[in-house]
Amino acid sequence: MNTQPGIIEPSFLEHKGKYKGLFSWIFSTDHKRIALLYLFSILSFFAVGATLGLLMKFELIAPGRTIMSAQAYNAFFTLHGIVMIFAVVIPGLPAVFGNFLLPIMIGAKDVAFPRINLLSWYLYVTGVSLVLVSQFAGQGPPDTGWTFYAPYSFRTTGNMLPAVFGAFVLGFSSILTGLNFLVTMHRMRAPGMTWLKMPLFPWTLYATGWVQLLATPIIGITLLMIVAERTLHIGFFDPTLGGDPLLYQHLFWTYSHPAVYIMILPAMGAISEIITTFSHKTIFGYKFMVVSALAIAFVGYFVWGHHMFTSGMSGTALYTFSLLTFLVAIPSAVKVFNWISTMHEGSLDLQTPFYWAIAFIFVFMIGGFSGLILGSLAANVHLHNTHFVVAHFHFIVFGGTGFAFFGAMHYWYPKITGRMYDTRWANIGLILFFIGFITLYGPMFYLGFKGMPRRYYDYDEVFHAGNIISSMGSWVLYSGLAIIVINLFASLRNGLLAPADPWGGKTLEWTIPSPPPVENFDEIPVITKGPYDYK
Amino acid sequence: MNMTPEIHRDDLTSKTGMWFFLFTEMLLFGGLFIVYSIYRFRNPVAFHLAAHELSIPIGTINTIILLISSTTIAMSITAIQKKAKKLALLLIGITILLGLAFLVNKYFEWGKHLKENIYPGSPVLALRGQGDVLFYGLYFFMTGLHALHIIVGLIFICVITSMIYRDKINYDNFVLLENSGLYWHLVDLIWIFLFPLFYLIT
């Protein structure tokens, strides 16, 4: 595949393969094309989930029934949760930016198993389709929330089987992605790229990969048990048959808490890349960043109990889980300090991705601190199952992963598409998005603290003011989102051509043309320096 | 670019991938082992009595069958490395037969329980109390999932056999056989834990 000198290799977007048109995408094993397949499917499902959220906020604009029934509201938050968690934020950064950039950043031509990579996309689409089918087929949509808590999940007449099985298939897709990345990093780093010369985004994907590999099967088997419970009445979690519903919660959170780190770790990696590049300065405490990513992944396994402080556990268990929850905050704080220290005395280049990174740190810290409040036992009893929790995890999951996703989108957009976007509209979109975000979720802290429970379509009159502000915030957020997406799409045609390295980044992806050629590198680079070599 | 897999072949990478996949499989069953140990802890007497009803001879025979089949597939890997294609085919054929024998035994074992009206959700079982319901629920679910793995493994091994026959797998390129062997050993390993948990500990 070596090209003659002087002949420019076509980019992966223009490459003529065995198939034409749509098939050249859905049958492609090129990691870059698969990344874009993921990007478009994830954006579509994100639009579905966000619209559901918007409608839910509209329902909550006044007490009593506004636009939907209680049952419809239950179905809405269930679908919103399943789609957003399993189909958007868990695959989000790894499957899109991980797929696109991981091989390039470690100097490889593709991932270790390109065909398994494509298979995982097919599984992903199958899983989401099953979840969506559950809405229309059978006796009505699922109404359990995304957590499928027993025993309701096998008592409800809602159409649970496709939803649960869809989540199982999505888990399988996630395992395969994680496995692929792990093997790629173990076996395919460019010559000279020792583990400690690997950039931080791959490092966080490495930590994520292990979580995907070792935590996802637990929810896989748990969901299968729910399926067996519904079809065969085995009794694992059914108290009338001797089973223990609490055990379901344990098993569920044994995966679903680590899953939070599947969502946030790659986000932290992307933010590390952005902050280094736009500070034009080596990342502060590279080794600490690596260790803290691994530590988050490791300690993250042992904190699941903090979702169940009011479910009934022994005092010892409560103290232990609370303590461990506080411990997991330390590596996250290390990262925040290191980002700030990287900016210190750097030559800051105030571009859109950098603004996203700053906004990320802001909302992530609010989310993180509110997490500490929830992690302390006494406060948790008061705040459990209130809107405070909803606010907390939206600040982390949407604020953390979502902001990082759009930050990464604006950072790597020139590399992926070969075009620059309109910075002015991008910034306007960001500002609206940010204002909308704070207005939407900020009041929820107050509402929850005052005692408004989550997952109800109705509320007491005293909560009215906060809910009005919150619902208005959802409109601002949604318009910001629309501007961002429209701007990015419009720039595909109108944007200026992007140079290989528009931001002055030092990692390997900026050494190859934008968009990258099919084989990424003409010659596999030999690495002699660290990843962020600013002098 | 995937059209020339021979050139990009990297056996160690494939094997690493397989090992990582086996970790996932172990944790899949790990979840069930946790559920088992918790319910055994809560219903010690019922689990003890129910375990007496399982046939130790059939369980033992099945254990021996799986252990031998693991040996034969491992031997076939060595055989193919020594260019003894016929021997490799013979050994892997024995593996397939042993795997089928395991399933046949399982069929009779399950059949006996079903004849006695013992299956998840049966009224007879419900009358015997919650400990028995959980024991047999776990028994059917775990051995059922294990049998599913046996079936998947057998399908893989059949494909592998045809590839050996057509010389797609040969002394120089046998990583697929090796990976199937790894998978088969895992299925064996899980049975090594299932057997004492359900049949022997009484």
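1. In this predicted model, H14 of chain A is followed by A:Gly451, whose phi is positive, near 110°. The helix itself covers residues 423-450, that is 28 residues, and spans 41 Å from its first C-alpha to its last, close to the 40 Å expected at 1.5 Å a residue. The expected span is 1.5 Å times one less than the number of residues in the helix. Helices (H or I, at least four residues) and strands (E, at least two) are DSSP runs, numbered from the N terminus.

2. On conventions, residues are numbered from 1 along each chain as its sequence is written, and chains are lettered from A and ligands numbered from 1 in the order in which they are written. Local features need pLDDT of at least 70 and side-chain atom pairs count only at pLDDT 80 or more, while totals for chains, interfaces and linings use all residues.

3. Chain A contains 15 helices and zero strands. Its C-alpha atoms occupy a box of roughly 75 × 50 × 45 Å along the principal axes.

4. Contacts (C-beta atoms, placed from the backbone, within 7 Å) in chain A between residues at least 6 apart in sequence join residues at least 24 apart in 84% of cases.

5. Of the 535 residues of chain A, 56% count as buried, meaning that 20 or more other C-beta atoms lie within 10 Å of the residue's own; exposed means 12 or fewer, and partly exposed in between. By that count A:Val291, in helix H9 (residues 286-299) of chain A, is partly exposed because it has 14 C-beta neighbours inside 10 Å.

6. The largest nonpolar core has 223 residues, of which A:Leu265 and A:Ile271 touch the most other members. Helix H3 (residues 70-105) of chain A supplies the largest share of this core, 23 residues. Such a core is a set of buried Ala, Val, Leu, Ile, Met, Phe, Trp, Tyr and Cys residues joined through C-beta atoms within 7 Å. Not counting residues up to four places away in sequence, A:Ile271 touches A:Trp339, A:Ala357, A:Phe360, A:Ala404 and A:Gly407.

7. At the interface, 25 residues of chain B are in contact with 31 residues of chain A. On the chain B side, helices H2 (11-42) and H7 (130-165) each supply at least two residues, and H2(B) gives the most, with 14 residues.

Terms used: Two residues are in contact if their C-beta atoms, placed from the backbone, lie within 7 Å.
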